[in-house]
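I am keeping these notes while looking through one structure. Each entry says what I looked up and what I found.

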Amino acid sequence: QTLVELNRVADAATHALKNLMLAEDALKLAEQLREANHLDEALRLGEKGLKLGGYKAALGSWLAPIEEAQGRTKQAIEAWRATFREAPSLEIWQTLQRLSGKGWNRVKPELLTVLKQGWNKQPLAEILLHEQEWDAALQVADQETYDYRLIALVADALIPHRPEWVIRASIKQFDGLVAKTQSKYYVHAAEWLRRVKAAYTQLKQPD
């Protein structure tokens, strides 16, 4: 950073490429280089940073839009993939799908593996619903017994598609809340009954 401040940009980039060990440090210096209007060096350092140790999601999410704006689609994909591995989301999934074009089928299996291995199943559920993989989404919800937010997300989406499952899952959640015999849970229990009613209406059994 000192070399950049002294306007010795080439020396700073060369030193960083040889000596930096962490992606976080590469991001800090790349941001400084960009602010100093040395975009080529910033991109080169950012790309190098994706191969270093440390947390890469912040670097990838910073680098990817810049790469895309420069027409460097391949590099943008790599940056978004690095981000997705550490911080998967539906938004990044859709971005990678758009950028990959015909190559999407080569990228998709890796992303699904990342989602299935991650501890947070919310992005997996959101993406399965986006892909209209209804049965896979409800299986995720069934496995995440205590994640009521995830179950609610899936149940709301599946009322038109899997109403029988919505009824079973919602009654299970309702029974668990009522069994606590604490009035603070009743408003949430009522929300599960709302889902049951909507699912029965979908089945043309409103009574």
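**Entry 1. The end of the chain.** I began with Lys 204, which lies in the segment after H13. The model is a predicted one. Phi of Lys 204 is near 60 degrees, a positive value in a residue other than glycine. I noted this because most residues other than glycine have a negative phi. I then looked up the accessibility of Lys 204: at 73% it counts as exposed, since the cut-off for exposed is over 50%.

**Entry 2. Other positive phi values.** Asn 37 is another residue other than glycine with a positive phi, near 65 degrees. I found Asn 37 in the loop between helix H3 (23-35) and helix H4 (39-49). Its relative accessible area is 70%, so Asn 37 is exposed. Gly 101 follows H7 and has a positive phi, near 55 degrees. Gln 132 follows H9, and its phi is positive too, near 60 degrees.

**Entry 3. Helix H7.** Which residues of H7 are buried? I listed Ile 92, Trp 93, Thr 95, Leu 96, Leu 99 and Ser 100 in this helix, which spans residues 90-100. Looking down the axis of H7, I find these buried residues within an arc of 165 degrees, so they line one face of the helix. Next I looked up what covers the buried residues of H7, and the cover includes helix H5 (57-69), helix H6 (73-86), helix H8 (104-117) and helix H9 (122-130).

**Entry 4. Ile 92.** Leaving aside neighbours within four places in sequence, I found Ile 92 in contact with Trp 80, Thr 83, Phe 84 and Ala 87. I also looked up the spacing between Ile 92 and Ala 69: they are 23 residues apart in sequence and 16 Å apart in space, C-alpha to C-alpha.

**Entry 5. Helix H9.** In H9 I noted Pro 123, Leu 124, Ala 125, Ile 127, Leu 128 and Leu 129 as buried. The buried residues of H9 pack against H6, H7, H8, H10 and H11.

**Entry 6. H10 against H11.** Two packed helices are described by the angle between their axes and the distance between the axes. For helix H10 (residues 134-143) and H11, I found an angle of about 155 degrees and axes 9 Å apart. The two helices are therefore roughly antiparallel. The crossing of H10 past H11 is left-handed. Which residues meet there? From H10 I listed Trp 134, Ala 137, Leu 138, Val 140 and Ala 141, and from H11 Leu 150, Ile 151, Val 154 and Leu 158.

**Entry 7. Gln 173.** Is Gln 173 buried or exposed? Its relative accessible area is 15%, so Gln 173 is buried. I located Gln 173 in helix H12 (residues 163-179). Leaving aside neighbours within four places in sequence, Gln 173 is in contact with Thr 145, Tyr 148, Ile 151 and Trp 192.

**Entry 8. Salt bridges.** Side chains of opposite charge can pair when their charged atoms come close. How many salt bridges are there? The count comes to 11. I looked at three of them.

- Glu 78 forms a salt bridge with Arg 81, with the closest N and O atoms 3.0 Å apart. Both lie in helix H6, 3 residues apart, about one turn of the helix. Glu 78 is partly exposed, at 34% relative accessible area.
- Glu 110 and Arg 85 meet in a salt bridge at 2.9 Å, N to O. This pair links distant parts of the chain, with Glu 110 in helix H8 and Arg 85 in helix H6, 25 residues apart. Arg 85 is partly exposed, with a relative accessible area of 40%.
- Asp 156 forms a salt bridge with Arg 194, the closest N and O atoms being 3.5 Å apart. Asp 156 lies in helix H11 (residues 148-158) and Arg 194 in helix H13 (residues 186-202), so the pair ties together parts that are 38 residues apart in sequence. Asp 156 is partly exposed at 36% relative accessibility, and Arg 194 is partly exposed at 38%.

Last, I checked for shared partners. Salt bridges of this kind join Glu 78, Arg 81, Arg 85 and Glu 110 into one network.

How values were computed. Residues numbered from 1 in each chain as written. Predicted model: local features only at pLDDT ≥ 70, side-chain atom pairs only at ≥ 80, totals over all residues. Heavy atoms only, no water. Buried < 20%, exposed > 50% of the residue type's maximum accessible area, 1.4 Å probe, protein only. Helix = DSSP H or I, 4+ residues; strand = E, 2+ residues; numbered from the N terminus. Arc of directions from axis to C-beta. Contact = heavy atoms within 4.5 Å. Salt bridge = Lys/Arg side-chain N within 4 Å of Asp/Glu carboxyl O. Axes fitted to C-alpha atoms, helices over the stretch in contact; angles between N-to-C directions. Parallel < 35°, antiparallel > 145°, perpendicular 65-115°, else oblique. Left-handed = near helix turned anticlockwise from the far one by under 90°.
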